[in-house]
Amino acid sequence: MAMSVNAFIVALLVTCPTLAVKKGRPWDLTLRGKEECKGGLESLKWRICKRDPKTKVQDEGMFYSLPRSSSTWNNEDCILATVPGTVFRSLLENGTFEGIDNDNIYYADNLAKVPDINATGRDFYTFWYVSTARIRLSPECGHPGSSHVRLRLRSVSYSLTVYINGEEKTDVMQPSFSQEGMFRRFEFPIPLSSNPNSRTITANFALLTRPPPHPGAAGPKGGQGGDHEIAKNAAMMQCTAGWDWIQATPDRNTGLWDEVSVVAASPSISVTDPLVTTLSIDPSTQTGIVQVSFFARNLAMELISGKIRVNLTCPNPKSREINPPISLSLSVTLKPLESGDVTSGNVTLRKIGFWYPHTMGQPTLCRGSARFEADKSTEIIPEFVAPASKWEFGVRMVSSYIDPELGGRVFQVNGNRTFIKGGNWIVTDQLLRYSTDYDRYYNEVLMHKKMGLNLIRVWGGGIAERPEFYKACNRLGVMVMQEFWMTGDNNGRWAGSYDWPLNHTIYLAAAKDTILMHRQHPSLMIWCAGNELHPSRLSPSEDIRIGLRDLVQTLDPARFFILSSMGNYTDYDTEYALAPKDGPYGYLPQEEFWKINPGLIFWNGTRADKLRIAFQPELGSVSTPTIESLVRFMPPDDLNQFPLGGNMSEANAIWNFHKYIPYNGMILNYSTPTTIEGYAYRAQLAQYQQYKLLYEGFTERMWSRYSAVIFWKSQSPWPAFRGAFYDWYLAQTGGYFGVKSASYSPQHPLRIQLNPNSRSITVINTSPMGRENLFAKIMAYELTEPGSALIPASQLTFGPFNIDPDESVRGIGSVHDTQGKVLLWRLELVQGGQILASNEYWQSSWSAPQDYRPLGILRNRDPEAELDLGFRGCCTLPSAEWKVVTVSVKNSPKGKSNASFAAFGVRLELHHNPNHKFNPTPNPNPDLNPNPNIDTRVLPSYASDG
């Protein structure tokens, strides 16, 4: 989003989807051993069959898991299902709810028209997942006499009963625990073929999934976890019962929502979950010393011994070649049914690159592979040797300390302190339809990176994110703060009980499995027990508090762990929580962001500007999607009733259903809109300025007051009006471009910015190198009457001055009064004639209120500026993952004067149809076609300029 245009060239990067072509084959699934003998079951023909509460589970399980003719399934109790996918998703796809389907579930208030589990009871959403797979083992995966074939579930919700070929099966990894909890992995043995020489197995699956025993009541307005009963469940996504920014999910995400696969593995030992722990690094010699660990389980009733053969390879950053592999061997001896970590001695890796967050350097990744080989004396191990498992890891060290000046925690990566600019994350989709979609995760994380954000906080009322998410963060250099599944809203602080969840054993089992699954990822920086927990003696409860600490210390000892994101300012303990207070949540006047703790007040209404909050885990505000996205989820009649005032009561039912919060009159500062298009345009400008100034205000006091700021929220799991820099359709809002304009990177480590309160100029250096003989050049342009011509108003130069590494220089100079006019400011940081950094603002006054009506008038009339678009062609990058469309944009001035006419708030969109002109006309048949227009945008796309 460019503030004004003269001429620039922009490249749009567009994701190129790849299509998987199914070919005829004699087997549904062939297990091959390129990496791991594993195959996904998403291509099978799955059905969900409604559980009959009058029939015994055993009888149903045997019936559905024994071979039947296809005619058996032609009844009203079984419908086609998507796997991975929840029960609710499959019901939507089969048209169960009249007029509501998988494509329009978020339109208007359709979610409220679907029966909620609190009204229907749990039986309504209790279903069997049924399918048959013919499985063939390739030679490298052994045969049924030498390996076990198992059904692997990476997660399921909420509880599970499994029948295969007429037999009930028990999880082989944790057989002593009940099969429940939303964030646990399970493996179930598949019976062998009756022919001992056969390499083929037929498996008839019947998996009964049940909703959580405490689904909770969502309530008419959502609320923080509804009636809070949802927190009684162990390891559960609490916001599935609704929050003040989302409606409840009717089935509470019941079903096989995550990856389902079949694996061939040793029947006696499991070696999984690698961890490479960095003990020390030496950047001067590009050397790192690490230890390698694996979690090993003896599944047999006999002693097992053997070796884990490991290869580690890392790229050489100077030669850009891969170093020769480092080989090592870890000895393993396990008693019957024993499990635990097996760890190597110290391993030295030379001539390597380190993993950095993208704001500090390159996120260099190494590769590891491992395979287990049994000792010959261990007779219990058959001849089968599993193919090598492979993973990515990064060499990096994360540390932290309490800064006495800031009164809070500062994090360091590889010995250098890093200022955290982050966003709070819930989940990609509230119906969990993208749980295994790496491309979706990659694009969402990439948008965080392009905004200059270097950390994503996975909030404690959401989920334990999936490996695809972490893979994207690893590769893009975005750090992660992963919270476990507790909130102060439901676990005792403000509501609910400190004793919840009720089953602490399952909760800790899920936490253990989550730690093991994600500990290999270099992007994971922080484990946190929960969101806004307090007080420390009660929340979490003692056994969970001790259990979580012990699990992290045992399984992931180098990772930072803390109990709460926020404590309480009355008894703040830096070892218990990252912050003493968080918030606020709502649109703030722009002058607030240059005050300490912007907009934050105590319970009695007094300002909290004396409170030291170094690490701010969340503060939030408004979010309005662009007009093209609005018409996809808002009916035309409701869209045209757009609210303008500062009260939520002014919004109608559909706006409030999608969690509207007001702009406090800021829309009117750009002149009163008469159409929804005009409203949406002004909302983009307001968001741009709100979030640009928010991040600049915190950056202004980097290290003098703050060490971290994390916005609430940077993304949204459904189309809504609260807190998101891009919408659920992956279209960027004005907020995205505002945050991006406030960013820095290793390639652009210097910033020049304007403090609107003091009218002074600040230069910020985020690099380890100082600069000398710098000049600040300030240019102002005036929008003349009737608000369409742009003419130079003034030019100022300040300097020379110097700046030290990782420091700021404030008060370099100040700009003049606007005299009530709308001025467009351009700031440039210059050294030897070279522009090192630039920035742009618009301002009508240095004190509230702002009057930006000329900018709104620009939108209301036919623009006198004409933009010439020059198409430079399309090409595919070498990775074949992106296409680049290069376009030149030029503002061709028209008119009688010599003035340049402003083209303000310009953004480019890429559409499938080049003749498309967006025209949100009312839809005469909204019940038949809820989308008034066909959305031809290519989403997501990324512009290289602005």
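Helices here are DSSP runs of H or I of at least four residues, strands are runs of E of at least two, and both are numbered from the N terminus. With that settled, here are some notes on this predicted model.

1. Let me start with the whole chain. The protein chain has 946 residues, of which 61% are buried. Its secondary structure comes to 14 helices and 47 strands. Among contacts with a separation of 6 or more, 73% link residues 24 or more positions apart.

2. A word on confidence. The mean pLDDT of the protein chain is 87, with 86% of the residues at 70 or more.

3. Now to helix 5 and helix 6. Helix 5 spans residues 438-450 and helix 6 spans residues 467-476; their axes come within 8 Å and cross at roughly 40°. The crossing is right-handed. On the helix 5 side the contact is made by Tyr-438, Tyr-441, Tyr-442, Val-445, Leu-446 and Lys-449, and on the helix 6 side by Glu-468, Phe-469, Lys-471, Ala-472, Cys-473, Arg-475 and Leu-476. By class, this contact has nine nonpolar and four charged residues, with no polar ones.

4. Eight of its ten residues are buried, so helix 6 is largely enclosed by the rest of the structure. The buried ones are Pro-467, Glu-468, Phe-469, Tyr-470, Ala-472, Cys-473, Asn-474 and Leu-476. What do these buried residues of helix 6 pack against? Their partners are helix 5 and helix 7, together with strand 28 (420-425), strand 29 (455-458), strand 30 (479-483) and strand 31 (524-528). Gly-477 follows helix 6 and has a positive phi, near 75°.

5. Helix 7 (residues 504-518) and helix 8 (residues 542-555) form another packed pair, at an angle of about 20° and with axes 10 Å apart. Helix 7 and helix 8 are therefore roughly parallel to each other, and their crossing is right-handed. Helix 7 contributes His-504, Tyr-507, Leu-508, Ala-511, Lys-512, Ile-515 and Leu-516 to the contact, while helix 8 contributes Asp-543, Ile-544, Gly-547, Leu-548, Leu-551, Val-552 and Leu-555. These residues divide into ten nonpolar, two polar and two charged. The spacing of such a list has a simple background: an α-helix has 3.6 residues a turn, so residues three or four places apart point the same way.

6. Trp-500 and Pro-501 are joined by one, with omega about 5°; Pro-501 sits in the loop between strand 30 and helix 7. The other joins His-534 and Pro-535, with omega about -5°, and Pro-535 is in the loop between strand 31 and helix 8.

7. Which residues other than glycine have a positive phi? Leu-432 has a phi near 60° and Glu-532 has one of about 55°. Leu-432 is in the loop between strand 28 and helix 5 and counts as buried at 3% relative accessibility. Glu-532 lies in the loop between strand 31 and helix 8, where Pro-535 is also found; at 8% relative accessibility, Glu-532 counts as buried as well.

8. Finally, two loop residues elsewhere in the chain. Gln-286 lies between strand 15 (269-282) and strand 16 (287-298). Is Gln-286 buried or exposed? Its relative accessible area is 16%, under the 20% cut-off, and Gln-286 is therefore buried. Beyond four places in sequence, Gln-286 touches Pro-317, Lys-318, Leu-349, Arg-350, Lys-351, Ile-352 and Phe-354. Glu-591 is in the loop between strand 34 (577-579) and strand 35 (615-620) and is partly exposed, with a relative accessible area of 21%. Glu-591 and Ser-758 are 167 residues apart in sequence, with their C-alpha atoms 9.6 Å apart in space.

Technical notes:
Residues are numbered from 1 along each chain as its sequence is written. This is a predicted model: local features need pLDDT of at least 70, side-chain atom pairs count only at pLDDT 80 or more; totals for chains, interfaces and linings use all residues. Side-chain values use heavy atoms; hydrogens and water are left out. Axes are lines fitted to C-alpha atoms, for helices over the stretch in contact, and angles run from 0 to 180 degrees between N-to-C directions. Angles under 35 degrees count as roughly parallel, over 145 as roughly antiparallel, 65 to 115 as roughly perpendicular and the rest as oblique. A crossing is left-handed if the near helix is turned anticlockwise from the far one by less than a right angle, and right-handed if clockwise. Contact means heavy atoms within 4.5 Å. Ala, Val, Leu, Ile, Met, Phe, Trp, Tyr, Cys and Pro count as nonpolar, Asp, Glu, Lys and Arg as charged, and the others, Gly among them, as polar. pLDDT is the predictor's confidence in each residue, from 0 to 100. Buried means under 20% relative accessible area, exposed over 50%, partly exposed in between (1.4 Å probe, protein chains only).
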